[in-house]
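Please open the structure in your viewer and keep the sequence beside it, and then follow the stops below in order.

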Amino acid sequence: MTTGRPLTWFDIARDVIAGVTGAVALPTGALALARVPPGDGHAVLVLPGFLSTDQPTFPLRWFLGHAGYRAYPWGLGINLGFSTEYDYDIEALVEHRLKEVFIESGDRKISLIGWSLGGVYAKVLARQYPRLIRDVITLGSPISGNTAEVSVWRAYEWVSGMQFADPEFARRIRAFNAPLEGVPITAFYCRKDGIVPWRNACEKPGPLVQNIETEASHLGMGFDAFVFYLIAHRLAQSGASKWKPLDVAALERRFRQERLPL
């Protein structure tokens, strides 16, 4: 999957500006967000993006906590990506965190929300531990196609020490990006995403798959009121037994009626 042209620093700058604008507008959605379906108290583990930490995911986790869920940070510091250059195994650490949250939640299935690279982790965990995972939500995550097409690929190679051209790393990426089966996945994407080509942020269609287009930028998805609104409705109806695609158009109309005027 490709966008037809490589993303540039202009796309990244535009994405940053849009993200800041979206974050400033977040309070206007307060009334609508106060009226989302009440959560059932199940655990939600939120995984940050590349070079990010738990701090940027705090607004989402705070909202989820007030909506009735037990929102957990990943608690692993800066997300430096998959790498063989460091004296730790990020996959093993994320797996340990998943099991830790599962035990703390009373052995109830967990929802995973991954922002950008965090969504790749979420998908890997759901494939490896489907009995622990209720559903997966990704926010602008490179979960399909050629991950090397992200605009920050040079930065990723520099930080992680991995090379996208390396056959073994390419094989691992293809395995990570294989369609998820048996666990519901909702993938948010933006056609103007300046970090991840939007087609790469979409999951292959299937009975437990919904791809949702949003106006929020890549860096703004974690601060966007309507994305929060949709996440709450998704979590209220998650799990394979009662999962069905959200009626995004109807929810958008309701959201616009309930939010504060811009």
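How many cavities of 30 Å³ or more does the structure hold? The structure holds one, where a cavity is a set of points on a 1 Å grid over the protein atoms alone at which a 1.4 Å probe fits but cannot get out. This is a predicted model, in which local features need pLDDT of at least 70 and side-chain atom pairs count only at pLDDT 80 or more, while totals for chains, interfaces and linings use all residues. Residues are numbered from 1 along each chain as its sequence is written, and side-chain values use heavy atoms, with hydrogens and water left out.

Select Phe82, Ile90, Glu91, Val94, Glu95, Tyr121, Val124, Leu125 and Gln128, which line the largest cavity; lining residues have an atom within 4 Å of a point. The volume of this cavity is about 60 Å³, counted as the space filled by probe spheres set on the points. Helices α4 (90-104) and α5 (117-128) each supply at least two residues of the lining, helices being DSSP runs (H or I, at least four residues) numbered from the N terminus.

Next, select helix α3 (residues 58-67) and helix α8 (residues 225-236), which pack at an angle of about 45 degrees with their axes 11 Å apart; axes are lines fitted to C-alpha atoms over the stretch in contact, and angles run from 0 to 180 degrees between N-to-C directions.

Finally, show the side chains of Pro59, Leu60, Phe63 and Leu64 in α3, which meet Phe228, Ile231, Ala232 and Leu235 in α8, contact meaning heavy atoms within 4.5 Å.

Definitions and conventions:
1 Å grid on protein atoms, 1.4 Å probe; cavity = no way out; pocket = protein on both sides within 12 Å on 5 of 7 lines; lining within 4 Å.
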